[in-house]
Amino acid sequence: MSLTIDTIDRVLLDNWQRDFPLVPRPFAAIAERMDLCQEDVLGRLAELMAIGAVSRVGATCRPGTAGASTLAAVAAPEWRIDEIAALIGGEPGVNHSYLRENRWNIWFVVTGPDRAHIDATLGRIRAFTKLEVLDLPLVRAFNVDLGFALDGTGRVPPAREHVDAGVLEPGDRPIIQALSTGLALVPRPFAELGRALGRSEADVLERVKALAAAGILSRIGVIVRHRALGWRSNAMVVWETNEADTGRVGPALTAVPGVTLCYQRRPAPGAWPYTLYCMIHARSRGEAMAVLERASREVGLQDTPHRVLFSIRCFKQTGALVAATEGAAA
């Protein structure tokens, strides 16, 4: 069942999934733009979080910049799905976990400060579940910004081409982790964050601006739970493409309305040959398949071997883990 929200809430969600004001009083700045008062904005966001429409107000970190990540999957027997999903979700570095329609049925993203942390997490999951684990590291991101329009147009912002990971400083990881966990819903959230980290508000804001400008923070704003808002027919589509085709069609896929994510991953020889991935978020299965048909036709993938894996259940959806001593928010 989808949540019902009013027009003002919808504008708040649609307009502030990115470009969050990087000023001392960001919620007051949003309120001024919406002709509301700051208390109304804070109250609405708190309520949207309480009902499950919003995960957090914070940031997403571009994969491969401040930390490491991989997409993984296991083939869980039907009678063990809940048990194995709970074991996988109990790992702090697992930030997304879904049941999908495939023999490889539990899919999850593992994050951490470095690849050694990823390997240790996957090793524990193998040991706990006694199952083979697909490990599908990211090769190239064409678009990893899930902040799409909720008005049914499927509009996604243009993908950023260049990211400057060189601006990352030693003290940035705790800031990134805090933003992945979520800002406090208070009038001066960056001052609150600074107090928690022993830094000034001005210092925190300066670093957040630098990380956003460099593309390390891919998005700062309201992180929406799309399934709760009616986008429940979500499909991961995977194609078996060669390197040349992947480089050609990947950017083209990101321009198709309804395609919300697109990236290249390393295959698992003998088990999973697929290299090009995209996500389609839709309100019905028919709508999702129509997007897939249009995307395949427009970028020339009609005859390319592929699979469509619809999500059935969401087990976990949190911010990424980039600092080993910190967890991600629920």
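1. Residue W272 is found in the loop that connects strands β8 (259-265) and β9 (276-282); helices (H or I, at least four residues) and strands (E, at least two) are DSSP runs, numbered from the N terminus. W272 is buried, with a relative accessible area of 2%. In this note, buried means under 20% relative accessible area, exposed means over 50%, and partly exposed lies in between (1.4 Å probe, protein chains only).

2. The surroundings of W272 may be described through its contacts, a contact being heavy atoms within 4.5 Å. When neighbours within four places in sequence are left aside, W272 is in contact with N102, W104, W107, L134, L136, V238, P267, Y277, R307 and L309. One of these, W104, is 168 residues from W272 in sequence, yet their C-alpha atoms are 9.5 Å apart in space.

3. The model is predicted: local features need pLDDT of at least 70, side-chain atom pairs count only at pLDDT 80 or more, and totals for chains, interfaces and linings use all residues. Residues are numbered from 1 along each chain as its sequence is written, and side-chain values use heavy atoms, with hydrogens and water left out.

4. Confidence is given by pLDDT, the predictor's confidence in each residue, from 0 to 100. The protein has a mean pLDDT of 91, and 92% of its residues reach 70 or more. Helix α4 (residues 81-89) has the highest confidence, at 98, while helix α9 (residues 243-254) has the lowest, at a mean of 90. Over residues 326-330 the pLDDT is below 50, and this stretch has 19 contacts in the model beyond near neighbours in sequence.

5. As to overall form, the protein has ten helices and ten strands. Its radius of gyration is 20 Å, which agrees with the value near 20 Å for a compact globule of 330 residues; this radius is taken over C-alpha atoms, and the globule rule is 2.2 Å times the number of residues to the power 0.38. Of the 330 residues, 52% count as buried. Among contacts between residues at least 6 apart in sequence, 76% join residues at least 24 apart.

6. Strand β1 (residues 54-61) is largely enclosed by the rest of the structure, because seven of its eight residues are buried. It pairs with strand β6 (residues 217-224) in the antiparallel sense over seven bridges; two strands pair if DSSP finds at least two bridges between them. Within this pairing, V54 has V224 in β6 as its bridge partner.

7. Residue S97 belongs to strand β3 (residues 94-100) and is buried, at 0% relative accessibility. Not counting residues up to four places away in sequence, S97 touches I88, I106, W107, F108, R313, C314, F315 and K316.

8. One of the residues touched by S97 is C314, which is partly exposed, with a relative accessible area of 34%. Another cysteine, C37, is partly exposed, with a relative accessible area of 40%.

9. Residue E201 lies in helix α8 (residues 201-214). Is E201 buried or exposed? E201 is buried, with a relative accessible area of 18%. Residues up to four places away in sequence apart, E201 touches P24, R188, F190 and A191.
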